[in-house]
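Dear colleague,

I am handing over the structure below, and after it you will find notes on what turned up. Please read them with the model open beside you.

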Amino acid sequence: SRLSSVPGLSFTQSGSVGQPASVFIRGANSEHTLVLIDGIEVNDPSSTSRNFDFGGMNMSDIERIEVLRGAQSPLYGSDAIGGVVQIITKGIDKKGLSFHLGAETGRYDIFREHMSVSGRNDQGSFNLGVSRYDSKGFSAAAAAYGNSERDGIGQNLINFKGNYSVKENLKLEITARFTQADIDLDSSAGAGGDDPNYCADNNHLLLAARGEWNTRPGRWKQSIHLSYQDINREYDDPVDLLHPSDSSKGKYKARLLKLNWQNEISMSDNADLVTGIEWQQERAESTYAYTSAWGDGNSDFPRVSASTLSA
């Protein structure tokens with residue numbers, strides 16, 4: 001990952017593409033890194049550490065990645081104790097309608113196919129893309145212990161980004177992004193870590209709308225931003241020849257709804273006043289069940305929700 005070359009930032013991944021990956025900024029924990037996609041918070045409320053898994057990130061529509069190192073809590077909240085990673089998706093600069101079709105291949109049987117259509121005129125622009133990524137990967141468990149079963153990934157991405165100027169002083173923006181991935185996993189890194197039937201099915205839906213209104217051009221600008229995030233993760237590890245005595249299954253769901261209203265007022269040529277109010281609601285739930293030679297068990301964490309209001 002190119003993130004690993006950023007000074008003060010560490011990137012760790014437990015295997016090939018698709019395996020869990022985390023970012024650590026200036027020695028802080030991974031949960032202390034806030035991750036944004038086009039300004040939208042994407043940290044997972046159902047994760048025990050509430051971090052963002054970079055392992056399943058599809059890079060087909062990414063234009064650039066910006067990193068803010070060091071505590072950013074006054075502006076971004078407690079999730080940004082270590083810093084902020086801002087992921088910017090591709091925009092459209094060229095006027096007119098354009099179409100793009102491409103395919104790539106590489107080591108570990110990597111295949112990537114992507115298609116996009118985009119357009120721009122004086123009133124707005126849009127970009128619609130679809131991509132597919134496949135790789136057979138390599139064993140997430142250590143080869144030094146004899147693990148050789150390859151752990152691959154199959155991933156689909158649909159993304160849309162558009163903006164439209166309704167009036168000279170009124171602009172609307174819409175963002176939609178859906179990622180679905182089937183990922184092969186392993187039980188551990190040590191001897192017997194290979195687990196041919198252990199897999200994950202991850203789905204991530206991101207929707208956002210933003211309106212910007214210049215109430216008094218050059219003096220007062222208002223913006224309203226509404227975003228919704230839906231995460232579903234399922235893990236299934238049935239019995240196999242290497243693990244004939246135990247099996248497990250887990251499901252994790254999370255919802256994050258956020259509404260922000262901001263006002264930027266120019267008090268003078270040298271002073272601006274920024275005020276606003278923000279409301280956020282999180283919901284998460286999980287279920288886990290296992291069967292083994294030593295007995296069965298399960299856990300069911302009911303839906304937990306939390307709402308915050310800040311100004």
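Gln280 lies in strand 15, which covers residues 271–292; strands here are DSSP runs of E of at least two residues, helices are runs of H or I of at least four residues, and both are numbered from the N terminus. With a relative accessibility of 10%, Gln280 counts as buried, the term being used for under 20% relative accessible area, with exposed meaning over 50% and partly exposed what lies in between (1.4 Å probe, protein chains only). The side chain of Gln280 is joined to that of Glu282 by a polar contact of 3.1 Å, that is, a pair of N or O atoms within 3.5 Å, of which, within protein, one must be able to donate a hydrogen and the other to accept it, while residues adjacent in sequence count only if both atoms are side-chain atoms.

Please bear in mind that this is a predicted model, in which local features need pLDDT of at least 70 and side-chain atom pairs count only at pLDDT 80 or more, whereas totals for chains, interfaces and linings use all residues. Residues are numbered from 1 along each chain as its sequence is written, and side-chain values use heavy atoms, with hydrogens and water left out.

Gly70 sits in the loop between strand 5 and helix 1 (73–76), and at 11% relative accessibility Gly70 also counts as buried. Leaving aside residues up to four places away in sequence, Gly70 touches Ile25, Arg26, Ala80, Ile81, Gly82 and Gly83, where contact means heavy atoms within 4.5 Å. The C-alpha atoms of Gly70 and Trp213, which are 143 residues apart along the chain, are separated by 32 Å.

For the chain as a whole, the secondary structure comes to 1 helix and 16 strands, and 36% of the 311 residues count as buried. The C-alpha atoms fill a box of roughly 70 × 45 × 35 Å, taken along the principal axes.
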